[in-house]
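Colleague: Thanks for sitting down with me. Could we go through the labels on this one and see what each rests on?
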Amino acid sequence: MGLFSWLFASDNARSIKKLKKIADLVVEREEKYQQMSDEELKEQTNILKQELKDGKTLDDILPDAYAAVREASARVLKMKHYYVQIIGGIALHQGRIAEMKTGEGKTLVETLPAYLNALSEKGVHIVTVNEYLAKRDSEWMGKVFEFMGLKVGITLSGENQEQKRNAYLADITYGTNSEFGFDYLRDNMCVSLKQKVQRGHNFAIVDEVDSVLID
Ligand SMILES: Nc1ncnc2c1ncn2[C@@H]1O[C@H](COP(=O)(O)OP(=O)(O)OP(=O)(O)O)[C@@H](O)[C@H]1O
Ligand SMILES: [Mg+2]
């Protein structure tokens with residue numbers, strides 16, 4: 001092994017060790033959330049939002065937020081995030097790129113950081129490569145978010161300002177990279193703030209980032 005690959009390998013191993021430590025905290029909480037009624041589980045959204053207002057950080061509440069949405073997904077979609085999906089979800093929250101092979105369940109991975117970052121009430125954007133996927137994922141994963149009391153929106157080409165504004169007012173907004181880009185450009189040409197449709201850029205998750213960035 002050359003020096004560089006050794007350096008990278010050990011750096012990667014260190015990062016994974018740290019990610020695993022956090023993922024273990026999520027798994028440790030599994031039983032606690034399993035034992036909750038649907039009502040109690042949904043209530044976690046308000047509880048976690050309040051903890052943020054009281055000064056906790058997103059990193060502080062990550063284990064509970066991930067454990068809660070994981071249990072919600074198990075109930076609503078009959079899919080419980082695998083350990084590697086939790087690790088992928090933590091890496092995305094940290095703004096990293098998580099490489100996952102086809103069929104490994106990236107759609108479900110996104111629910112973890114999307115839910116967590118939506119708790120700060122500044123909106124989350126989920127970027128897909130085409131409108132078919134934006135619709136599919138918003139309906140599919142939307143069931144989990146809605147169960148947890150969050151609103152899901154979608155920005156589509158050809159929609160009017162009112163429709164788009166509503167899409168961006170949702171806690172989590174799905175759309176394609178080009179539509180998010182055009183909405184941003186159109187907002188920059190508005191003559192008054194009232195006409196803008198986007199309400200800020202808080203946190204975004206990009207699906208298939210390799211093809212989006214090449215685009
Ligand atoms: N934790 C899980 N438990 C059970 N089934 C799962 C789980 N995670 C994913 N799946 C299933 O795996 C399949 C593939 O998921 P998904 O489409 O998100 O993969 P992907 O990684 O986005 O693949 P692609 O690269 O093709 O887009 C889906 O049918 C999904 O229901
Ligand atoms: Mg996919």
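Colleague: What makes the pairing of the Lys164 side chain with the backbone oxygen of Leu156 a polar contact?

Modeller: This is a predicted model, and in it a polar atom of the Lys164 side chain sits 3.0 Å from the backbone oxygen of Leu156. A polar contact needs a pair of N or O atoms within 3.5 Å, so 3.0 Å passes.

Colleague: Where is Lys164, and why is it called buried?

Modeller: Lys164 is placed in helix H8, residues 161-169. Its relative accessibility is 4%, and buried means under 20%, so Lys164 counts as buried.

Colleague: Which residues touch Lys164, leaving out those up to four places away in sequence?

Modeller: Those are Thr155, Leu156, Glu159, Glu179, Asp183, Arg186 and Val197. Each is on that list because it has heavy atoms within 4.5 Å of Lys164.

Colleague: Moving to helix H5, what makes you say that it is mostly covered?

Modeller: H5 covers residues 83-93, and nine of its 11 residues are buried. Those buried are Gln85, Ile86, Ile87, Gly88, Gly89, Ile90, Ala91, Leu92 and His93. After H5 comes Gly95, with a positive phi near 80°.

Colleague: Why are Glu121 and Glu208 called partly exposed?

Modeller: Partly exposed lies between the 20% limit for buried and the 50% limit for exposed. Glu121 has a relative accessibility of 37%, so it falls in that range. Glu208 has a relative accessible area of 37%, so it is partly exposed as well.

Colleague: Now the whole protein. How do you know that its radius of gyration agrees with a compact globule?

Modeller: For 215 residues, a compact globule would have a radius of gyration near 17 Å; the protein has 18 Å, which agrees. Along the principal axes, the C-alpha atoms fill a box of roughly 55 × 50 × 35 Å.

Colleague: How many helices and strands does it have, and in which order do they run?

Modeller: There are 10 helices and four strands. From the N terminus, the order is α-α-α-α-α-α-β-α-β-α-β-α-β-α.

Colleague: What share of the residues is buried, and what can you say of the surface?

Modeller: Buried residues are 43% of the 215. The accessible surface is about 12,000 Å², with 54% of that belonging to carbon and sulfur atoms.

Definitions and conventions:
Residues numbered from 1 in each chain as written. Chains lettered and ligands numbered in written order. Predicted model: local features only at pLDDT ≥ 70, side-chain atom pairs only at ≥ 80, totals over all residues. Heavy atoms only, no water. Helix = DSSP H or I, 4+ residues; strand = E, 2+ residues; numbered from the N terminus. Rg over C-alpha atoms; globule rule 2.2 N^0.38 Å. Buried < 20%, exposed > 50% of the residue type's maximum accessible area, 1.4 Å probe, protein only. Areas by Shrake-Rupley, 256 points an atom, 1.4 Å probe, with all protein chains shown as cover. Polar contact = N/O pair within 3.5 Å; in protein donor to acceptor, adjacent residues only side chain to side chain.
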